[in-house]
Each structure stands twice: as C-alpha cells, then as structure tokens.
Amino acid sequence: MNHRTASSFPSVTLDDVRGARKMLSGVARVTAMETSRHLSELVGAPVFLKCENLQRTGSFKLRGAYVRIAGLLPEERAAGVVAASAGNHAQGVALASSLLGVHATVFMPQGAPLPKISATEEYGAQVRLHGQVVDETLAAAEEYAAETGAVFIHPFDHPDVIAGQGTVGLEILEQCPQVRTIVVGMGGGGLAAGIAVAVKELRPDVRIIGVQAAGSAAYPPSLAAGRPVALEHPATMADGIRVGRPGDVPFALVDELVDEVRTVGEDALSAALLLCLERAKLVVEPAGASPVAALLGGTGDIEGPVVAVLSGGNVDPVLLQRVLRYGMAAQGRYLAVRLRLTDRPGALATLLGVLSAADANVLDVSHVRTDPRLGLAEAEVELHLETKGPAHCAELGRVLREAGYTVID
C-alpha cells in the first residue's frame with residue numbers, strides 16, 4: 001500500500017474497538033477458530049478458519065450494526081433506523097434493532113436471496129426491495145432517511161460499525177496469538193478496516209491481506225488513485241462483497257493499515273466454497289469463502305500461521321446448488337457428455353452398465369429420439385456424471401469410444 005497522510009474522515013482507534021467489545025458482551029458470539037489440515041498442506045503453513053459464518057444471523061455484520069444502533073441517542077432511537085443490504089447487514093440491523101427495541105426498515109436489492117429476505121423479516125424488520133445492486137439500494141435507503149427522519153445505518157462507512165467489526169480482530173489475536181497473516185474478504189471495507197485497527201496496534205508484525213472478487217474489485221483502482229473510485233457495473237456471485245465503491249472511512253484505514261489487496265475469480269470462489277463444505281464441513285457463502293479462494297492460488301509469499309476469516313454463511317440453497325456443480329465441474333469432478341446410440345430396447349441400460357463398470361455416478365439422463373438431426377434408428381443421450389477428477393473424465397471418454405458410442409461432446 002501507498003500509505004498516505006491521515007484522512008479528514010473520522011477514524012477508529014483500538015480503544016473504540018475495545019469499547020465495542022464490552023458493548024457486544026452477551027450479544028455477539030465469540031466464534032470458533034478451526035484448523036484446516038487440507039489448506040495447511042496447500043499453503044505449506046498452519047491455516048486456521050475464523051468462523052464468523054457461525055455468528056448470530058450468520059455473519060459478522062451483527063457486531064457493527066449493534067454497536068452503531070446502541071450508540072444512538074434516545075430521540076434517534078425513537079425515530080427508528082433504516083439500512084440497505086444484500087442480506088447480511090440487513091439481518092444484523094434487524095436483530096440488533098429488535099434487541100434494542102428500535103423499529104427498523106431495511107432496503108434490499110430486488111435480486112436478494114429469498115432466505116435472506118425471510119430471515120430479515122423474521123428478525124423484526126420491515127423489508128423494501130429496490131435496485132439491482134447494493135449502491136442503488138443504499139441511495140434509496142438514504143432518501144428514505146431524509147424523508148422520514150430515520151437514522152441511516154450504513155453497512156460499512158461509519159466509525160461505530162468499523163469498531164464493532166474490529167472485535168473480530170481482537171478475538172483472532174486471543175485465539176491464535178502466533179498468527180502471522182490474516183486474510184479477509186472485502187466489499188466496502190468495514191471488516192478489513194476494523195480488523196486492521198485492532199491488530200496493527202497490538203501486533204504490527206501481522207500481515208493483513210484483503211480479498212475482493214475480480215468482477216467487483218473497487219479497492220485496487222481506488223488505492224491507485226488515492227481516493228474511493230466507483231465501479232460502473234460490479235458483478236460477482238459473492239453478493240456479500242459486491243460493492244461498487246469503497247466507503248470513505250474504511251478506505252482511509254485500509255490504505256493506511258492493510259498490507260495488500262488481492263482479487264479472485266468466480267472459479268476460485270466456487271472451488272473455495274466447495275472446499276469449505278467438503279473438507280471443513282462448514283457452509284460458507286461465496287463472499288465468506290473469498291479468503292480461502294485467495295489461499296488456493298499463489299500462496300508462496302504468505303507466511304503462516306494464517307487466519308482466514310469466513311465472514312458469512314448465508315447462502316441461498318439455489319445458488320449453493322449451482323455453485324457446487326460449477327465448482328465440481330471446474331475441478332473435473334462433474335462431466336456433461338452427449339452421445340448417440342442405436343435406438344433399440346435395452347440400449348440405454350447397456351450404456352448405463354458401461355458407465356457403472358467405469359465407476360461413474362450418473363446424476364441425470366436426457367433421452368431424445370425425435371430430433372431431425374438423428375437417423376431413423378438413432379437416439380441421443382445427454383448424461384450428467386459425477387467423476388473422480390480430470391483423469392477419470394478422460395478415461396470415461398476413452399471407455400465410451402471403445403464401446404462403440406459416438407461421443408458428441
């Protein structure tokens with residue numbers, strides 16, 4: 001980072017984070033720190049997972065939301081609060097408001113996952129859908145605040161919110177005092193900024209790496225420009241970090257305290273989510289898996305022990321299904337193949353027998369007999385197969401061809 005002079009925006013101190021921790025006592029959980037043998041082998045150093053996906057509401061967002069709302073004056077609480085979020089901040093604000101007896105209205109993007117909408121409503125907030133991305137939703141919430149007098153609770157651009165998120169950093173230092181590197185996902189930057197404030201004051205030797213989705217990476221150009229720069233069309237499956245512009249307050253802290261910002265692609269996010277599920281037995285949303293995605297590639301310069309912050313676990317089951325299939329395909333463990341065979345009784349059963357003998361697990365079969373491209377005695381079959389990896393995929397292709405089948409793709 002090109003660490004510049006102090007920003008004119010309000011800053012956050014270690015004392016603020018410690019005060020937030022006292023405020024959160026009995027409200028937010030001290031989440032588990034789990035080891036990951038598989039990731040440790042890949043990185044060549046001990047890797048630990050900070051499981052904020054197991055936090056109340058399923059993400060770290062409760063911490064900052066509660067601290068912000070608890071700090072409001074009585075007349076501000078009486079006016080109610082309003083927030084904007086793709087889901088995690090929405091749930092954090094909803095639960096915090098419920099615990100503190102404050103009415104909450106939450107704006108969410110129109111494409112927000114239904115489980116996140118339902119959970120936000122169940123925590124007691126009124127949900128309004130507006131916009132396609134978080135930045136449009138933020139603008140609608142700010143307009144509502146101006147019209148009604150409700151206090152706008154920003155998801156990342158406020159010192160109280162950042163101080164609350166920074167309590168994750170204090171827990172990391174206590175649970176893994178030997179830590180040398182912390183890897184954390186970044187959208188607007190509130191979590192990374194808060195962790196950096198807490199950690200750098202107590203352990204300046206610890207390296208902090210922020211991770212953004214490549215299609216929604218506003219921090220690299222912003223840091224290069226020395227100011228927050230907005231992206232026109234942020235796009236990623238990781239809705240929790242799909243933010244088009246860094247916050248002013250976290251940007252100044254990230255620029256000063258975070259050592260590096262890396263980007264990861266959709267393939268890496270899918271592979272990371274799959275790894276968390278299979279190897280760590282943890283359900284993690286794509287944004288929460290972004291630190292793991294960063295560890296899956298180019299880790300030679302990362303000094304261990306490493307703590308990867310799994311920031312959230314609120315993943316839409318429909319998205320989870322798609323991501324898992326995508327991740328399996330990317331790893332060569334999921335194969336779609338079309339082939340032609342003679343249309344006679346028992347032909348499909350014979351084909352399935354060949355695949356069974358080759359140890360392929362058939363997930364789905366589509367059998368077409370009426371396509372005009374087919375000959376009179378031909379049928380086309382599309383199969384979705386679960387395999388053991390790229391070598392097994394190649395072996396299946398060879399087996400099918402040797403059995404006399406015409407493989408189309």
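A salt bridge is a side-chain nitrogen of Lys or Arg within 4 Å of a carboxyl oxygen of Asp or Glu. The views below show a predicted model.

**View 1. Salt bridge between Glu-171 and Lys-50.** The closest N and O atoms of Glu-171 and Lys-50 are 2.7 Å apart. Glu-171 belongs to helix α8 (residues 159–175) and Lys-50 to strand β2 (residues 47–51), so this pair ties together parts 121 residues apart in sequence. Both residues, Glu-171 and Lys-50, are buried. A network of salt bridges links Lys-50, Glu-52, Arg-63 and Glu-171. In the whole structure, 18 salt bridges are found.

**View 2. Salt bridge between Asp-239 and Lys-116.** The side chains meet at 3.1 Å, N to O. Asp-239 sits in the loop between α10 (219–225) and α11 (248–257), and Lys-116 in helix α6 (residues 114–122), so the pair ties together parts that are 123 residues apart in sequence. Asp-239 and Lys-116 are both buried.

**View 3. Salt bridge between Lys-388 and Asp-359.** The N to O distance of this pair is 2.3 Å. Lys-388 lies in the loop between β13 (378–386) and α16 (390–402), while Asp-359 lies in the loop between α15 (347–357) and β12 (361–368); the two residues are 29 apart in the chain. Lys-388 counts as exposed because its relative accessibility is 60%, and exposed means over 50%. Asp-359, at 44% relative accessibility, counts as partly exposed.

**View 4. The largest nonpolar core, with 67 residues.** Ile-69, Val-81, Val-93 and Ile-182 have the most contacts inside this core. Helix α9 (residues 190–202) contributes eight residues, the largest share. Leaving aside residues up to four places away in sequence, Ile-69 touches Arg-77, Val-81, Val-93, Ala-96, Ser-97, Leu-100, Val-102 and Ile-153. Another core, of 39 residues, lies apart from the largest one and includes Ile-241, Leu-275, Leu-310 and Val-323.

**View 5. Open sheet of four strands in the order β5-β4-β3-β6.** The pairing in this sheet is parallel. Strands β5 (126–129) and β6 (151–153) form the edges, each pairing on one side only. From one strand to the next, the twist averages 25 degrees. Strand β3 (residues 81–84) pairs with β6 over three bridges in the parallel sense. Val-82 stands opposite Phe-152 in β6.

Note on methods
Residues are numbered from 1 along each chain as its sequence is written. This is a predicted model: local features need pLDDT of at least 70, side-chain atom pairs count only at pLDDT 80 or more; totals for chains, interfaces and linings use all residues. Side-chain values use heavy atoms; hydrogens and water are left out. A nonpolar core is a set of buried Ala, Val, Leu, Ile, Met, Phe, Trp, Tyr and Cys residues joined through side-chain atoms within 4.5 Å. Buried means under 20% relative accessible area, exposed over 50%, partly exposed in between (1.4 Å probe, protein chains only). Contact means heavy atoms within 4.5 Å. Two strands pair if DSSP finds at least two bridges between them. Axes are lines fitted to C-alpha atoms, for helices over the stretch in contact, and angles run from 0 to 180 degrees between N-to-C directions.
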